[in-house]
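Here is a quick look at one helix and a handful of charged pairs.

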Amino acid sequence: MTQSAPPASLPKLLVVEDDAGLQAQLKWAYEDFEVFVAGDRASALALLRSEAPDVVTLDLGLPPDPDGTSEGFAVLDEIMALKPDTKVVVASGHGARDSALQAIARGAYDFYQKPVDIDTLGLIVRRALHLHRLEEENRRLAGKVEKDEKVLGRLITAAPEMVRVARTIERVANTSVSVMLLGASGTGKELLARGLHESSGRARGAFVAINCAAIPENLLESELFGHEKGAFTGAIKTTPGKIEQAAGGTLFLDEVGDIPLQLQVKLLRFLQERVIERVGSRQSIPVDTRIVCATHQDLEAMIADGRFREDLYYRLAEIVVRIPSLAERSGDPTLLAKAFLTRYAQEMNPRVRGFSADALAAIDAWHWPGNVRELENRVKRAAIMADEKLVSAADLDLADPDAHVTGALNLKAAREQADRKVIRHALARSEGNISSTAKMLGISRPTLYDLLKQYDLQS
């Protein structure tokens, strides 16, 4: 009688073993796997190609060298060459310690010394499967980022808080209004400004950015408005300023709150009349440039203190967009971390494949005071310094996530806040797949649907 095929959803295990009795014992020990059995190198590699197993248990003593390890190591080398993501658990009774070290050096996941204890080997196999699935999830989510999670040009997000920001910017992109971006340092203000420019009718023009806080006060006027030859010592030629360079395009004024009061008057005149005068000249030059500005400062408080002109504020802030911190973007820390790791691992350390479970937990729990810039720096450093295939929490230099406690003191509110956060993180990790999310949370699909409805969350 033909045996019915196992469910397609079962993970695949390849048992490479030449002992017929042990073959049968191992085959029936893994009811939650789809098990394939091979007794030699040729059949093992054929099954590797056709079935692409998640985990392989490999006996090093295979024919034609059943008393040695050469044939087993040859199979291991070919598995690593053909399917390097496969987790291989090597078993041998020959020179156990030396064989273990050599197997791990060649890419095996773990080593087990014969005689085989089925229960212990089963634990190792299931741990290997868990790691394989975690790495597979990392790769899939990184690919998902490239295809589906980009909005407003190069902005990567799945957080509803940031999607609303992006949609607001897209709506105003094709208007002529001035836009002010407010947010903490490292939240991506320049990235959003570029996205606005690229979504507008000015996309073919130049995008010119200037950090007003990084230029000395006595040079900022010349940088913005340009200067004529001989206007001051060192002005050896006529030079257009940033406003002229952005003609037909967009000028991004970062840290606009640092513009000195005297220069604020000249910028206000440009916004009102759309003409400039270079330093050392009285000739008015008409310039069609859109202004987008950003700051992390409280401009309203600066107005009250007399440090920022109110009339200039209202010219610059026709549309105000407030950018949430990274900690306020549900699911984005994990999403961005995986995108950054994909980029930097390819450039600097190709052996790194993803994040360990403790690293993902630490990323989810950390409060990210430095926002996206801090996250990118930590991931970049970890990609360079990591010794293993998976980046750990220690590689990211993240403290115990339990040390950071936030949230409401009201117990019911705290529970709801925790539920929302956990559900959003699970949705981010499973790419919105309801079944995977429910399994990850340890609840049924109907229960998850009820929670999504209760907390007004979307998959």
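Predicted model: local features only at pLDDT ≥ 70, side-chain atom pairs only at ≥ 80, totals over all residues.

## Ground rules

Here, buried means under 20% relative accessible area, exposed means over 50%, and partly exposed is anything in between, with a 1.4 Å probe and protein chains only.

Residues are numbered from 1 along each chain as its sequence is written, and side-chain values use heavy atoms, with hydrogens and water left out.

## Helix α15

Helices (DSSP runs of H or I, at least four residues) and strands (runs of E, at least two) are numbered from the N terminus. Helix α15 covers residues 371-385, and its 15 residues should span 21 Å at 1.5 Å a residue; the expected span is 1.5 Å times one less than the number of residues. Its end C-alpha atoms sit 21 Å apart, which agrees.

Which residues of α15 are buried? They are N371, V372, E374, L375, R378, V379, A382 and A383. Looking down the axis of α15, these buried residues fall within an arc of 165°, so they line one face of the helix. (The arc is taken from the directions from the helix axis to the C-beta atoms.) Their cover includes α13 (332-348), β15 (354-355), β16 (390-391) and α16 (393-396), where contact means heavy atoms within 4.5 Å.

## Salt bridges

Count a salt bridge whenever a side-chain nitrogen of Lys or Arg lies within 4 Å of a carboxyl oxygen of Asp or Glu, and the whole structure gives you 19. One of them pairs E78 with R41, the closest N and O atoms being 3.0 Å apart. That pair links distant parts of the chain, 37 residues apart: E78 is in helix α3 (residues 70-82) and R41 in helix α2 (residues 41-51). E78 is partly exposed at 25%, and R41 is partly exposed at 27%.

K266 and E221 also meet in a salt bridge, at 2.8 Å from N to O. K266 is partly exposed at 22%, as is E221 at 31%.

## Loops and a network

E228 and R278 form a salt bridge at 3.3 Å, N to O. This one joins two loops 50 residues apart: E228 lies between α8 and α9 (242-245), and R278 between β11 (275-276) and β12 (285-286). Elsewhere, salt bridges with shared partners tie R41, E71 and E78 into one network.
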